[in-house]
Amino acid sequence: MKKRIYVILVVLLLILAGIYYYAVFPAINIHETSFWGVSLLICILLSIILAMRQISDRVKKHTGNIKLKELIGIPFFSKVFLAFGVLVVLVFLIGELASSDFFRAKSYASLLEVTECNFSSDMPESSEVTDIALMDTESARILGNRKIGSLSDVVSQYEVEEDYTQIAVDKRPMKVSSLKYASFFKWYNNRNKGVPGYVKVDPVTFEAEYVALDEGMKYVPSAYFNYNLQRHVQLAYPTKIISGYHFEIDDDGNPYYICPTVTAKIGLFGGFDVNGAIFCDPVSGACEYYSTDEFPSWVDSVYSGDLLTQKYNWYGTLSDGFWNSIIGQSGCKVATDDFGYKIIEDDVWVYTGVTSVIGDQSNIGFVMMNQRTSEAKYYKVSGAEEHSAMDSAEGEVQEKGYTASFPSLVNVEGVPTYIMVLKDAAGLVKLYAMVNVEQYNIVATASSQEDVFTKYKNMLASSGKITEEAEEIQETAEAEIVVADIQFIESSGDTVVYIRSEENQIFKQPFSENESLIKIVTGDRLFVTYVEAENGIHSLQEFEIID
C-alpha cells in the first residue's frame, strides 16, 4: 500500500469528521459524553488506517492462518492511537463513577439552596389573579394559531412555533412564541427577509396579539444551513454545552433567543447546571455570552422548569445520603410531576407541589423556584395534591366534560387555595375554579375571576375557615331598586345577567347560577342582596321581585 493511500484515507476521515461536525454540531467539551465517544472512534479508525499496510503485507506472505503474535508488530503511531483509545475508555469510566450519586449524594443535594418560608406572611393575599399564567401552552397555541390564521399574508408562508415561553411583561405574565417557516421551500423563498414577527398571548385575559417586526428574523430554529439558530450559536461558541433555546423579548419588544449553557458540577458528567447563557439577536445573528451573575433584568427564563424540579428532587431525596434515598427514605420528598408559573415583581417563578416519595395523594408543601436566579423557597402547606384538586374541579362540572389546567397556589384570606381554569374539548377556557388545599371538597367555579373569588370566599366563611375580619369583608349589602335596564351578555362560555337600577347601580350574576333571572323585566321593583365591588359592578347574590 503506497503512502498516498494513507493520505487519501486520512483526508477522507477528516472530511467525514467535518461533515459530521457541521450536521450534528456537538460541543467540544470534556463534560459532553458524545465528545468521548467520537474521540474513541477517531482513535480506532486512525489506528486501523496506519496499520493497514503492515497487516496487508503479512497477509500476502502467508497462505494459511496468521498467528496473533505476527500482527503485534504494527506501526508505532498505530499503537499510540490505540493507547489513546484505551485512555479515553478509562477516563470515561472513571468520570462516570466519580459523577455517580452513589458516591456524591451530598454534592447533588447541595446544587439547590432551599429557604423555608411562611406561607401567610410571604405570599401576598389575592383578590384577583393578574400574576399567574392560568392558561397552559396548549390553549396558548390555539389562540396563537387563530390569530395568525386571520393574517392571510402571513399564514401562507409561516406557522407559529409550538413552544411558548412564559415571561413577565410589566409584572404580568405573558406567553410568547416566534413564527417559523412552514417548509424548506418557504424558507428558501423567504430567507432574505426572514421571519416577520412573533405572537404574544396574555394568559390572564386570554387574548392573542401578533407583533410585526421592522426587520425579519433570519436566525431561527426553522431555518436551514448557516441560518439555523442552533447551528449558528453552537459554531459561534464551540466549547459551550448548550441546553436548548427559547424565545423571549426585552422590555422594548425586541426579540432574542436565550440559549442556556450548562456544565457538570459533579465529576465529569454529573449534576449538570446552568453556568451562563448565550443571547442571540435573531435579526442580525449577533451572539453574546453572559455568566449567571450578569443576566440583564428583562430576561426571565434561563433555568428551565424541568431542570429546577430535577435539582429539587436531588435536594429532597439525597440530602441524607444515597442509602437513605433507597432504603430508609427518611425525610425524602420529591416535586409533583408538573409545574405552573407565577410572576413575583418582574421575575417568573416555577411553582410545583412537594410530596413524599411513597407517592400518596397529598402534598406536604410546595416549592417556588426563580427561573432567572435559581432561588428556591419552600412552603410547608399540607393538603391535596394538585391532580386531586384538578379532579375535584372537574367533578364540580362533570356534566360539561371540562378538563382542568395545572393549578397554582394563591393566598385567599390567609387560606392556601388552588386556582385553575377549566377547558372544553377544543382547549378553550370556559370557567375558573378554586379549590381549598386542606379540604378539597370546597370547590367554587364561575365564568369570571371576580365571581369565583366571591363564591369561594363565601364558601370559606360558611365553613368557618376564615376569620371574623374576613367575614366582615364578605358581608352582603341589601337594597331596594327599580330595574332600568337588563342585559344578557355572553362571557367566557357563560351568560352573565347585568341589571342596571334607576340610580345607575350595576348588579351582575351568571345566568347558570340562577335561572329565575329570566323573570326580571324593565320596571320591576327588586329587593337585592349583593356583595359590593370597588368598580361599581356588584355581585348579585339573591333577589326578590316586589309586587
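Strands here are DSSP runs of E with at least two residues, helices are runs of H or I with at least four, and both are numbered from the N terminus. Two strands count as paired if DSSP finds at least two bridges between them.

Before going on, a word on the source: this is a predicted model, where local features need pLDDT of at least 70, side-chain atom pairs count only at pLDDT 80 or more, and totals for chains, interfaces and linings use all residues. Residues are numbered from 1 along each chain as its sequence is written, and side-chain values use heavy atoms, with hydrogens and water left out.

Back to β14, which spans residues 347-356 and is mostly covered, with ten of its ten residues buried. Buried means under 20% relative accessible area, exposed means over 50%, and partly exposed is in between, using a 1.4 Å probe and protein chains only. Here is who pairs with this strand:

| Partner of β14 | Direction | Bridges |
|---|---|---|
| β12 (residues 333-335) | antiparallel | three bridges |
| β13 (residues 340-344) | antiparallel | five bridges |
| β16 (residues 365-370) | antiparallel | six bridges |

Tyrosine 341 faces valine 350 of β14, and threonine 352 lies opposite valine 367 in β16.

Positive phi values turn up in other loops too. Lysine 171 has a phi near 65 degrees, and it isn't a glycine. You'll find lysine 171 in the loop between β3 (165-169) and β4 (172-181), and at 49% relative accessibility it counts as partly exposed. Phenylalanine 206, also not a glycine, has a positive phi of about 60 degrees. Its place is the loop between β5 (195-202) and β6 (207-217), and phenylalanine 206 is buried, at 19% relative accessible area.

Now for the helices. The axes of α4 (residues 101-109) and α10 (residues 305-318) come within 8 Å and cross at roughly 110 degrees. These axes are lines fitted to C-alpha atoms over the stretch in contact, with angles running from 0 to 180 degrees between N-to-C directions. The two helices are therefore roughly perpendicular, a label for angles of 65 to 115 degrees (under 35 is roughly parallel, over 145 roughly antiparallel, the rest oblique). On the α4 side, Asp101, Ala105, Lys106, Tyr108 and Ala109 meet Trp314, Tyr315 and Leu318 of α10, where contact means heavy atoms within 4.5 Å.
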